[in-house]
Amino acid sequence: CGRRRSGPGSWVSGQVGQAMGRFRQLPDDALLILAVTTFESVGMGFALLVLVLFLEDAGFTNLKIGVTLAAFTAADIAVQIPAARLAGRIGLRLPIVMGILVTTLGWSFYLFEPDFRVYLLASAVAGAGTGLFSPSMRALLARSVDEERRKFIFSLQAVGTTVGFTVGSFL
């Protein structure tokens, strides 16, 4: 009959086209921050997978490996609110630099002899470093776009983080 059918496929392609148009309109600063956070997620996905394999090879039980990973996550979460307050007082740059340095320090503890307590401390320090710079990176991302595009930019960041962790774990 010559009528176009509209179905789920056309809705999806319309939404993708709309998102691509919005993506092309993002400022360069926003795209750079998205690229940095995605790339950081690739590295973190790779590092956490290697950490599990490293701890397994060092003879740690699954329980100790899980506790080590939980220490990273708990420290990351515990530091984020104080880090956001700190960034509000002193600016965004210093917490980002400090967070990167603290994260690097934490990962470097794995160079010591295989001792569960040292590795637990290493994970907690690395997690605290991640928690230190994360709020400032999100604030930079929020500042890079106007208020009406923030939901879109944070959705892209979530997608980039998920893709980054996934890709990193396959490297």
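Reader: Which residues make up the largest nonpolar core?

Author: The model is a predicted one. Its largest nonpolar core has eleven residues in all: Leu26, Ala30, Ile33, Leu34, Ile96, Phe133, Met137, Leu141, Val145, Phe152 and Ile153. Helices H2 (28–57), H5 (116–143) and H6 (150–170) each supply at least two residues of this core. Another core, of nine residues, lies apart from it, and includes Leu55, Phe60, Tyr110 and Ala122.

Reader: What makes this set a nonpolar core?

Author: The term requires buried residues of the nonpolar kinds, joined through side-chain atoms within 4.5 Å. Buried, in turn, means under 20% relative accessible area. The eleven residues, Phe133 and Met137 among them, form such a core.

Reader: With which residues is Ile96 in contact, leaving aside its neighbours within four places in sequence?

Author: With those neighbours set aside, Ile96 is in contact with Phe133, Ser136, Met137 and Leu140.

Reader: Why are H2 and H6 called roughly parallel?

Author: Their axes cross at roughly 30° and come within 7 Å. Angles under 35 degrees count as roughly parallel, and H2 and H6 are therefore described in that way. H2 passes H6 in a right-handed crossing. On the H2 side, the residues making the contact include Ala30, Leu34, Ser41 and Gly45; on the H6 side they include Ile153, Gly160, Gly164 and Gly168.

Reader: How do the residues of the contact of H2 with H6 divide into nonpolar, polar and charged?

Author: This contact has eleven nonpolar residues, ten polar and no charged. Gly is counted as polar under this scheme, and Gly45 of H2 is one of the residues in the contact.

Reader: What makes H5 oblique to H6?

Author: The axes of H5 and H6 cross at roughly 135° and come within 9 Å. An angle must be over 145 to count as roughly antiparallel, while roughly perpendicular covers 65 to 115. The value for this pair therefore makes H5 oblique to H6. The crossing of H5 with H6 is right-handed.

Reader: Which residues make the contact of H5 with H6, and how many of them are charged?

Author: H5 contributes Arg138, Leu141 and Ala142, and H6 contributes Arg150, Ile153, Phe154 and Gln157. By class, there are two charged residues, four nonpolar and one polar. Arg counts as charged, and Arg138 and Arg150 both take part in the contact.

Reader: How do the axes of H3 and H5 lie?

Author: The axes of helix H3 (residues 62–90) and H5 come within 6 Å and cross at roughly 35°. Their crossing is right-handed, and the contact has 17 nonpolar, eight polar and three charged residues.

How values were computed: Residues are numbered from 1 along each chain as its sequence is written. This is a predicted model: local features need pLDDT of at least 70, side-chain atom pairs count only at pLDDT 80 or more; totals for chains, interfaces and linings use all residues. Side-chain values use heavy atoms; hydrogens and water are left out. Buried means under 20% relative accessible area, exposed over 50%, partly exposed in between (1.4 Å probe, protein chains only). Helices (H or I, at least four residues) and strands (E, at least two) are DSSP runs, numbered from the N terminus. Contact means heavy atoms within 4.5 Å. Axes are lines fitted to C-alpha atoms, for helices over the stretch in contact, and angles run from 0 to 180 degrees between N-to-C directions. A crossing is left-handed if the near helix is turned anticlockwise from the far one by less than a right angle, and right-handed if clockwise.
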